[in-house]
Amino acid sequence: MKNLVILGGGYGGMKILNELLPNHLPEDVTITLVDRVPYHCLKTEYYALAAGTISDKEVRVAFPEHPRLNVKYGEVTGIDTMDRKINIKDAEPLVYDDLIIGLGCEDKYHGVPGADQFTYSIQSIEKARHTYSVLNNLGPGSVVGIIGAGLSGVELASELSESREDLNIKLFDRGKHILSAFPERLSKYVENWFVRNNVEIINNSNITKVEENRLYNHDEPIECDVIVWTAGIQANELVRNMDGEKDRMGRLIVTPIHHLPADEHVFIVGDCASSPHAPSAQLAEGQAEQIVEVLKKRWNGDELPASFPPIKLKGILGSLGKKQGFGMMADRAITGRVARMLKSGILWMYKFHNG
């Protein structure tokens, strides 16, 4: 039996499972999925979990079941591509024939002293749970500093402002406008929402140091009861430490059919794979579909494609609390209730098809 090992049950790993199971896995192939938790997690909703507006159960989806799918719960400690082995903490090593690495990302602190010690995170379900417990135990009038006003920072700030109107929320961003990846008109719409909802935006910020309950903006101290970091990501540390060429986010450079240039049996998916696109669930799923096509052709003895058409992303949507939203769909900016309803509908469809 050949063993396909998938590291990480995120959006890419889950898509691969659903593409192969139940009816497209050859009789001589088994799948072993390794993840730290026994379910797929909806990472795009961690901001709401941290803000306390949804329950933990709402961000969990069960992995599929199949006689030739083995799910191992554990922490990957090493990837040995020479001997085709995966080292797992407190467990026997796993041997693979084909490997898919989808271990996700972690916070990038840009060398800011103290940021890794004194800030909270929403990059994993464990960290989002911890951030929730800290935020929701704050007393009235407490100050929350959120560093980084990209999609994650904006969604967390807006959700928290609705969840805890008594808090003083400060949103720090390096740019002239928040959501710098979006058109300026859309950024201003979101900024106006924050003004109406008493979230303070601090533009052109430069966080130079973080201490316990204190951050420094342009070296000026600002007291905060809790500081949350949403100011950048990088590939998982295991991936950053692997041999091979990487981009500035530590993501591995892959061939047009998603495997390592030096090893056609090691595929990279999601936040671990270098791409011209920003990391997203959509991108990971698109990569996963193409990886499955390569595997099917290889298992059938068919000629492999030289490349694939570019992955077309449908757009990006963000929430401003439970009633308003924003986003880009087919290069068109959308705001208000329609954007929020679209995001809620897409989330419902995802859970319906995967639940």
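Lysine 170 forms a salt bridge with glutamate 200, and their closest N and O atoms are 2.7 Å apart. Lysine 170 sits in strand E12 (residues 168–172) and glutamate 200 in strand E13 (residues 199–202), so the pair ties together parts that are 30 residues apart in sequence. This is a predicted model.

The partners can also be placed by accessibility. Lysine 170 has 18% relative accessibility, so this residue counts as buried. Glutamate 200 is partly exposed, with a relative accessible area of 39%.

## Other salt bridges

The whole structure holds 18 salt bridges. One of them pairs lysine 343 with glutamate 45, with the closest N and O atoms 3.8 Å apart. Lysine 343 belongs to helix H9 (residues 337–354), and glutamate 45 to the loop between strand E3 (40–41) and helix H2 (46–51), so this pair ties together parts that are 298 residues apart in sequence. Lysine 343 and glutamate 45 are both buried.

Arginine 251 bridges to aspartate 247, with 2.8 Å between the closest N and O atoms. Arginine 251 is buried, at a relative accessible area of 5%. A network of salt bridges links Lys209, Glu211, Arg214 and Glu223.

## Helices H5 and H6

Helix H5 (residues 151–163) and helix H6 (residues 184–196) have axes that come within 11 Å and cross at roughly 25°. The two helices are therefore roughly parallel to each other. The crossing of H5 past H6 is left-handed.

Which residues of H5 and H6 meet? Val154, Ala157, Ser158, Ser161 and Glu162 in H5 meet Val190, Trp193 and Phe194 in H6. The residues of this contact comprise five nonpolar, two polar and one charged.

Terms used
Residues numbered from 1 in each chain as written. Predicted model: local features only at pLDDT ≥ 70, side-chain atom pairs only at ≥ 80, totals over all residues. Heavy atoms only, no water. Axes fitted to C-alpha atoms, helices over the stretch in contact; angles between N-to-C directions. Helix = DSSP H or I, 4+ residues; strand = E, 2+ residues; numbered from the N terminus. Parallel < 35°, antiparallel > 145°, perpendicular 65-115°, else oblique. Left-handed = near helix turned anticlockwise from the far one by under 90°. Contact = heavy atoms within 4.5 Å. Nonpolar A, V, L, I, M, F, W, Y, C, P; charged D, E, K, R; others polar. Salt bridge = Lys/Arg side-chain N within 4 Å of Asp/Glu carboxyl O. Buried < 20%, exposed > 50% of the residue type's maximum accessible area, 1.4 Å probe, protein only.
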